[in-house]
Amino acid sequence: MTQTLATDAMTRSMTEVVDALHGSAFPAALVRLIQQQVAFDCALLLGVGQRPVYLYDNLHHQRALLFDRYLTRHFSQDPFMQALEQGLPAGVWTLAQVSRGRLDPEYRHHFYQATGWQEEVGLILPVRGGLTLMLFLGRLDKRSSLSRDELARLEALFPLVHSLCLQHWREEAALLAQSPMLPGGADLKATVEQAIASVGGASLTRRERQVAGLLLQGLDTEAIAGALGIGSGTVKNHRKHLYAKLHLRSRAELFRFFLNHLITAPAGTPP
């Protein structure tokens, strides 16, 4: 009887995922499918090309850390990201496997421990040239580490998950977040202004955020210099520094970064 119920639940989850293909509900449905096999408290999905792009999360604990710290600076210290740069192949990987027991102390303190994650597994999902999806699955409590049986179930499910992702993200389209966080009735103008004021979070200085905000509003170097009462050379230096800190190379990438920030920034985030 128990096995029949589990099979029925799995079938419903698979049907839900297929029905959600090419729609905004797909990432959430995919995570629920995985959770039918192995219990996890939270999930984070990123698209990784030149830099990570947020696609989905179901975080309820310390969610602001994802946007204030991880996506602006600490992602480069993530052992999964480092392993991917070194050629980590598609598959299911545990934190212990990719870090080999060595975790950057700053990353451990400022992000990993701060989130409360006690266990982490990453699914590496290449979908096309220059784009790999990384699905992080985490546990918040101190239950036993991922068992061999649980890892085996994830590995058995991986080909299906990978195939579904290939179908969903096969088009050469810009990646944008698929879980809007704007509350109902929010004043769009105020929300955009707040997002402009807070873009880059704590990784940028106040002046760098001002320059970023004016760049996003379409001002050129001379106009920004006039608006802020500084020299054009100083503006160029601020622009260079903020691009470096956010791992960007152009204004186009800044706009894409801002769009994801606008969609995902928690309501009420102070500048």
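Q: How do I read a nonpolar core, and which residues of the largest one touch the most other members?
A: The general idea first: in soluble globular proteins, nonpolar side chains tend to be buried together. In this predicted model, the largest nonpolar core has 34 residues, and Leu123, Leu135 and Leu154 touch the most other members. Helices H1 (2-20), H2 (26-35) and H7 (148-168) each give two or more residues to this core, and so do strands S1 (42-48), S2 (52-57), S4 (119-128) and S5 (131-139).

Q: Let's zoom in on one of those. Which residues does Leu123 touch, leaving out those up to four places away in sequence?
A: Leu123 touches Ile34, Gly91, Val92, Leu133, Met134, Leu135, Leu137, Phe158 and Val161. There is also a second, separate core, with 26 residues, including Tyr70, Leu95, Met134 and Phe136.

Q: What about helix pairs? At what angle do the axes of H2 and H7 cross?
A: Two packed helices are described by the angle between their axes and the distance between the axes. For H2 and H7, the crossing angle is roughly 170°, and the axes come within 11 Å. That makes H2 roughly antiparallel to H7, since angles over 145 degrees fall in that class.

Q: Which residues of H2 and H7 meet?
A: On the H2 side you'll find Phe26, Leu30, Leu33 and Ile34. They meet Leu154, Leu157, Leu160, Val161, Leu164, Cys165 and His168 in H7. Sorted by class, this contact has ten nonpolar residues, one polar residue and no charged ones.

Q: How many of the ten residues of H2 are buried?
A: Eight of the ten are buried, so H2 is largely enclosed by the rest of the structure. The buried ones are Phe26, Pro27, Ala28, Ala29, Leu30, Val31, Leu33 and Ile34.

Q: Backbone angles next. Where is His22 found?
A: His22 is in the loop between H1 and H2, and its phi is near 70°, a positive value in a residue other than glycine. His247 is another non-glycine residue with a positive phi, about 60°. The loop between helix H11 (232-246) and helix H12 (251-264) holds His247, which counts as partly exposed because its relative accessibility is 34%.

Q: Zooming out, how many helices and strands does the protein chain have?
A: The chain has twelve helices and five strands. Of its 271 residues, 48% count as buried. Take the contacts between residues at least 6 apart in sequence: 66% of them join residues at least 24 apart.

Conventions. Residues are numbered from 1 along each chain as its sequence is written. This is a predicted model: local features need pLDDT of at least 70, side-chain atom pairs count only at pLDDT 80 or more; totals for chains, interfaces and linings use all residues. Side-chain values use heavy atoms; hydrogens and water are left out. A nonpolar core is a set of buried Ala, Val, Leu, Ile, Met, Phe, Trp, Tyr and Cys residues joined through side-chain atoms within 4.5 Å. Buried means under 20% relative accessible area, exposed over 50%, partly exposed in between (1.4 Å probe, protein chains only). Helices (H or I, at least four residues) and strands (E, at least two) are DSSP runs, numbered from the N terminus. Contact means heavy atoms within 4.5 Å. Axes are lines fitted to C-alpha atoms, for helices over the stretch in contact, and angles run from 0 to 180 degrees between N-to-C directions. Angles under 35 degrees count as roughly parallel, over 145 as roughly antiparallel, 65 to 115 as roughly perpendicular and the rest as oblique. Ala, Val, Leu, Ile, Met, Phe, Trp, Tyr, Cys and Pro count as nonpolar, Asp, Glu, Lys and Arg as charged, and the others, Gly among them, as polar.
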